[in-house]
Amino acid sequence: MGSVMHASLRWVLWDVKDTLLKVRASVGEQYCKEAARLGLSLSPEEVDAAFHRTYQHYSSRYPNYGIAQDLNGQSWWMGVVRDTFSKCKVQDPALLDTMAHNLYHNFCNAENWEVFPDSKAALERCSSLGLKLGVVSNFDSRLEAILRVCGLRSHFSFLITSEEAGVAKPNTAIFDQALQKCGVHAANVAHIGDHYVNDYLTARSLGIHGFLLDRKNKNNQHDIPSEHRLSSLKELPSRLQQHMD
């Protein structure tokens, strides 16, 4: 088993959002709840639509939280919140600032997140196989706090967020940073995520054992061998065992 081709698996890298957990309510509902606390009555559908337009604009104009343009996760998200409410005819700058600040910080609360029912058991099973676990996520620096309140942080040896890495998937540099932390070859590492390009193709392009989690069986890419595709994290440990000595 000396050659890299047959290297035994040592590490599993994880995407987080929509792989291990998901946002519980729609953005429109979350934002309207905050607005209602401050005496504003807005339509969740209207706010949701305004958010998606604003989010798309910020993502293309200021990619990866605008780090290259001297923004950071907090200033980026607060800008998204302010501009979303502005599109819904909220004009008062102090009110916009308050809502942006509150929503940015409240997003770390456990009640905003739903951990998928198969997540904890899969993480525990992988650890019990002797595998070490890390996170590679297109997320801002709140991720550590979110994983902690959701009871998942202790499973991971390290976290790499795109905000802190300065690069985002599908840029392979974020996986290179993870491989450095693992201290092993790509062939000793697996990655699991829900995005065909960012997770599956990018990991595979580096020689990492990429697996695509497709919970709703929505991904219609034909070039994914069935052994690389999972409909539940319950299937992951036995797939990983096939790559272990």
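Mentor: A charge sits over a ring if NZ of Lys or CZ of Arg is within 6 Å of the ring centre and within 35 degrees of the ring normal. This is a predicted model: local features need pLDDT of at least 70, side-chain atom pairs count only at pLDDT 80 or more, and totals for chains, interfaces and linings use all residues. Residues are numbered from 1 along each chain as its sequence is written, and side-chain values use heavy atoms, with hydrogens and water left out.

Trainee: Which residue lies over the face of Phe211?

Mentor: Look 6.0 Å from the ring centre of Phe211. The residue over that face is Arg204.

Trainee: How far from the ring centre of Phe116 is the charged end of Arg215?

Mentor: The charged end of Arg215 sits over the ring of Phe116. Its distance from the centre is 3.8 Å.

Trainee: How many residues does the largest nonpolar core have?

Mentor: A nonpolar core is a set of buried Ala, Val, Leu, Ile, Met, Phe, Trp, Tyr and Cys residues joined through side-chain atoms within 4.5 Å. Buried means under 20% relative accessible area, exposed over 50%, and partly exposed in between (1.4 Å probe, protein chains only). Those with the most contacts inside the largest core are Trp14, Leu147, Phe156, Ile192 and Leu240. The size of this core is 32 residues.

Trainee: How many residues are in the other core, apart from it?

Mentor: Its members include Val47, Ala50, Tyr65 and Val81. The count for this core is 23 residues.

Trainee: In which helix does Arg239 lie, and is Arg239 buried or exposed?

Mentor: Helices (H or I, at least four residues) and strands (E, at least two) are DSSP runs, numbered from the N terminus. Arg239 lies in helix H11. Its relative accessibility is 16%, so Arg239 counts as buried.

Trainee: How many salt bridges does the whole structure hold?

Mentor: A salt bridge is a side-chain nitrogen of Lys or Arg within 4 Å of a carboxyl oxygen of Asp or Glu. One of them joins Arg142 and Asp140, at 2.8 Å from N to O, and both residues are buried. Another joins Glu144 and Arg153, at 2.9 Å. A search of the whole structure gives a total of 11.

Trainee: Which residue is the salt-bridge partner of Arg229?

Mentor: The closest N and O atoms of this pair are 3.3 Å apart. Arg229 lies in strand S8, and its partner is 15 residues away in the loop between S7 and S8.

Trainee: Why does the pair of Trp11 and Phe158 tie together parts of the chain, and how many residues apart are they?

Mentor: Rings of Phe, Tyr and Trp (its six-membered ring) pair if their centres lie within 6.5 Å; planes under 30 degrees apart count as stacked, over 60 as edge-to-face and the rest as tilted. Here the centres are 5.4 Å apart and the planes stand at 40°, so this pair is tilted. Trp11 lies in strand S1 and Phe158 in strand S5, so the pair spans a sequence separation of 147 residues.
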